[in-house]
Amino acid sequence: MKGPDPDRVVQIFAGKKVASGYVARSGVVITAAHSVEGAEPSYVVGFRSDHSQWETTVASVAVRSEAADLAILLCETPPGIADEPVEFGQVERGGADRLPCTGTGFPRFMLRENAANASLGRESHDFHGWVSGKGLRTGDLTIATEVDPPEPDPKACPWGGVSGSAVFADGRVIGLVKDHHHQQGPQLTLSTVGEWYGQLSPAELALVAALLDLPASAEELSVCRPKTGHPDRPVPIENVSWPLGLRNIPFHPSTFVGRARELRLLGERLADASAVVVQAVYGLGGIGKSTLVAHWIAKHADPDHPVWWITADSPAGVAAGLTSLGAELRVGSAQTLESEHLRGQALRWLATHQNWLVVLDNVNNPADVEYLLANLTTGRFVITSRLSQGWAAAESVRLDVLSSSEAMDLFTRIASGNGPRTTDGVADLCAELGCLPLAVEQSAAYCATTGIAARTYLEMLAEHAAAMFETPGTLFGEEADSEKRARRTTARIWSITLDRLAGDPLAGRILRILAWYAPDNIPRFLIDDLGTPPEVNTALGRLAAYSMVTLDSETATIAVHRLVQAVARTPDTGTPGDPHRRAEDIKSASEEAAEQLRRVPIGAHQDPATWALRRTVLPHTEALLSHIPTGTENTSYLHNELGAFLRGQGDLTRAIAHLGIAVVDRIRVLGADHRDTLISRNNLAGAYELAGDLERALPMYEGTLADSIRVLGEDHPDTLGSRNNLAGAYELAGDLERALPMYEGTLADSIRVLGEDHPNTLTTRNNLAYAYQSSGDLERAIPMYEGALADSIRALGEDHPNTLGSRHNLAYAYQSAGDPARAIPLYEQTLADRIRVLGEEHPDTFISRNNLAYAYQLGGGPARAIPLFEQTLADRIRVLGEEHPDTLSIRSNLAAAYQSAGDPARAISLFEQVLTDSVRVLGEEHPDTFISRNNLAGAHELAGDLARAIPLYEQTLADSARVLGDDHPTTQIFRNNLKHARKS
């Protein structure tokens with residue numbers, strides 16, 4: 001990334017004050033206005049002529065704007081500096097992408113010891129980080145820098161002196177450093193070029209444009225955007241700062257009354273930041289739990305502290321919220337990271353930072369959030385739930401309906417706005433509504449919009465008797481009765497409001513469609529094509545006016561209260577029924593909701609560029625599918641797409657569930673031979689394979705391939721893909737006699753049909769090479785790996801992940817051939833490239849570090865291997881957790897390294913831990929569990945403890961023979977190990 005020219009970076013001296021600046025063009029220096037405040041008519045500017053000498057000159061102020069925090073100094077610059085003017089750019093306001101940026105300045109922590117000149121006794125420092133237009137609000141932009149250096153003096157700012165530094169993104173200056181948030185970690189605030197246009201007076205702007213060669217208007221200023229391809233190397237998650245001002249609160253209460261006691265309790269219990277604090281707020285639906293928490297955050301939470309809101313009504317909702325948090329923290333690399341990895345990043349960030357607040361909204365089952373509460377020891381949680389029980393680890397606040405006076409106050413504030421307040425009938429109406437805040441708010445909004453009195457609304461309410469609703473099974477007794485009353489009241493209000501909106505049928509149609517999605521953060525694009533833009537905007541505006549929905553223009557999202565959604569999804573079967581909740585209209589709305597999701601252009605699930613959009617619609621897809629019956633073309637499509645995406649993201653349990661439904665639905669709706677059905681069958685087989693369930697994967701792959709050949713033909717790309725997948729499953733099952741010829745035939749056909757350089761051809765060639773290696777035929781494997789690597793470099797480029805994978809595989813082949821001299825340099829190169837391209841914490845980087853460590857170990861260097869294994873294990877635990885299968889694998893490798901180094905005690909202890917975890921996480925019959933038990937047996941054998949080794953070998957052999965078969969290569973290895981132990 002192009003950044004500052006070191007020759008243009010200058011120090012500015014105003015009395016005892018030191019600041020930074022940048023030569024924008026010959027004779028013109030830009031800096032922060034507050035750096036040159038005071039009565040001095042001129043200032044000293046220092047230029048570095050080489051690495052140790054400085055030249056100084058006197059500068060005069062041409063422009064100084066406090067509003068823009070911009071100063072322009074005129075001075076004589078040394079020859080050869082800044083012959084060409086610098087380019088300026090701007091960050092897109094509200095842009096979600098985070099730009100990598102860099103700058104150079106002279107901060108206090110770079111003071112040189114024993115400097116001859118104290119003023120010039122600072123080294124320059126290059127700082128790097130991210131900026132995002134999403135946080136651009138009032139002209140300020142925050143840079144989250146990589147490090148925050150130690151400062152011995154707690155009253156001093158280590159970044160003092162960096163003000164005025166020019167910050168570059170996409171090769172252009174986007175702003176100047178104006179401040180440092182010393183208490184918020186490594187964060188610098190900028191005054192941005194794009195905002196100067198609104199902050200400078202016309203005369204100042206004309207002079208600035210002339211001096212800096214700026215365009216006349218902000219619209220003509222170039223917008224800086226992230227480069228496509230791979231991000232710059234991200235900083236470790238422990239050093240990532242919270243983007244200042246970033247909060248994802250789904251709504252902001254405009255009117256709030258009462259709740260003084262509850263607000264006080266929240267404040268008292270959330271004040272302690274020394275350990276994790278869990279606060280539960282419970283009460284029936286519509287009581288205002290979420291509103292209370294959102295109001296407390298807006299009014300009482302420290303605005304500089306991180307807040308993240310998660311809709312936690314299901315395990316999927318919790319997972320989606322953590323994934324979104326990880327994506328915000330890793331915006332620069334989120335596109336290349338799987339959801340599972342992003343969740344691990346989020347959890348690690350929470351575990352290593354303090355003063356954060358996570359809201360777990362609408363928890364239906366305490367077990368869904370138990371792992372969060374149990375494993376984090378800092379920060380604060382607030383839980384909202386209808387459940388009064390199950391919060392053993394939390395302080396609880398019960399939220400009741402409003403008092404009569406509070407309900408009347410809320411009603412009159414909303415109904416009268418800024419006009420005179422009339423109270424006739426308000427007390428009776430609030431009593432009829434049970435003082436339920438949601439009901440009071442919506443009825444008041446109706447009266448405000450239509451101009452009718454509370455008494456008139458009360459009469460209308462008497463005419464709308466709503467059928468009682470079923471109550472979710474998690475509520476019983478008094479809680480269930482209260483919930484029923486709340487739903488009945490909401491239904492009556494719904495009916496009155498939609499009577500009023502009868503002239504705009506699109507409003508009711510939109511509300512019925514929104515009812516099928518998750519309640520918060522519904523993207524506008526899901527309903528934008530339901531009418532013309534004016535029609536949709538008008539309908540949404542009217543719904544918002546009646547408090548039926550909440551609109552967020554900044555994020556272009558919609559929120560609907562869950563109680564309103566429940567009413568909208570429930571047909572009124574009474575006589576006469578509610579005309580707005582007819583069964584046929586509700587069914588039509590569910591179908592439209594599914595169709596809208598299907599129209600989203602989500603692209604291929606393997607493409608990381610599509611992951612952000614897929615994560616946006618994922619909670620709404622799961623919410624819809626949880627409410628509607630299966631068996632339609634739309635639901636089968638959504639189940640398949642969701643399952644395929646979750647499979648690629650490592651969430652195999654949910655993936656298998658969705659893909660299984662997709663297969664059944666597509667067979668029923670489209671037929672067994674339809675191409676989409678074959679794709680779903682292949683996807684489900686792949687999920688079974690990844691889960692280690694070859695008993696189900698292999699027959700499904702075989703059947704899918706046979707049907708693909710019959711229906712699509714031998715040369716169809718889908719058929720080639722099916723053959724490649726089946727060959728891989730055979731190889732995984734140890735059946736190389738069938739895998740090898742299938743790979744060879746698939747490769748030949750792929751070259752003929754798709755071409756030598758097609759990505760699928762390169763993948764098949766790489767897979768065949770690996771199969772040759774697995775069969776012990778390194779004479780054919782290594783040349784094929786070498787050819788695949790050369791082809792990948794030519795077709796995809798040096799830094800493409802597939803190219804890095806090919807290089808890694810070639811190193812592994814050299815290692816298998818006993819050639820560490822060629823394997824280790826390739827491993828080292830691949831590790832360095834993956835760190836540079838993908839980042840320290842990408843799963844592929846972990847694999848490279850692990851395999852390099854293993855190569856060191858095989859090469860007789862356990863002393864070099866063990867530190868790498870230990871680092872990799874620590875990284876895996878931090879990012880993926882203790883029980884992830886990859887973590888178990890790395891721990892096993894570390895145990896083997898200790899064993900090679902002659903440390904059996906530590907080796908056995910780790911092997912025992914791996915076996916215990918494997919049984920719990922993977923199950924007794926998973927192949928990796930067999931290997932873990934075998935490794936533990938081997939460690940006991942090497943330690944001379946055959947009494948423990950032999951029973952472990954015997955159990956391993958019996959389990960492997962039962963699950964994998966007597967002739968499986970792995971079973972044969974276990975048999976030989978047992979035989980050797982018995983002879984000892």
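How many helices and strands does the secondary structure of the protein come to? Switch to the cartoon view and you're looking at 34 helices and 22 strands. Keep in mind that this is a predicted model.

**Stop 1: the whole protein.** The accessible surface comes to about 40,800 Å², and carbon and sulfur atoms account for 51% of that. Of the 984 residues, 54% are buried. Now think about contacts between residues at least 6 apart in sequence: 65% of those join residues at least 24 apart.

Stop 2: Next, select residues 550–552, which are strand 21, and residues 557–559, which are strand 22. These two pair in the antiparallel sense over three bridges. Look for leucine 551, which stands opposite isoleucine 558 in strand 22. Together they make an open sheet with the order 20-22-21 and antiparallel pairing.

**Stop 3: serine 750.** Select helix 23, residues 736–753, and find serine 750 in it. Is serine 750 buried or exposed? It's buried, because its relative accessible area is 2%, which is under the 20% cut-off. Leaving aside neighbours within four places in sequence, show what serine 750 is in contact with: Leu720, Gly755, Thr761 and Thr764. Finally, draw a C-alpha to C-alpha distance from serine 750 to threonine 764: they are 14 residues apart in sequence and 8.2 Å apart in space.

Note on methods
Residues numbered from 1 in each chain as written. Predicted model: local features only at pLDDT ≥ 70, side-chain atom pairs only at ≥ 80, totals over all residues. Heavy atoms only, no water. Helix = DSSP H or I, 4+ residues; strand = E, 2+ residues; numbered from the N terminus. Buried < 20%, exposed > 50% of the residue type's maximum accessible area, 1.4 Å probe, protein only. Contact = heavy atoms within 4.5 Å. Areas by Shrake-Rupley, 256 points an atom, 1.4 Å probe, with all protein chains shown as cover. Pairing = 2+ DSSP bridges.
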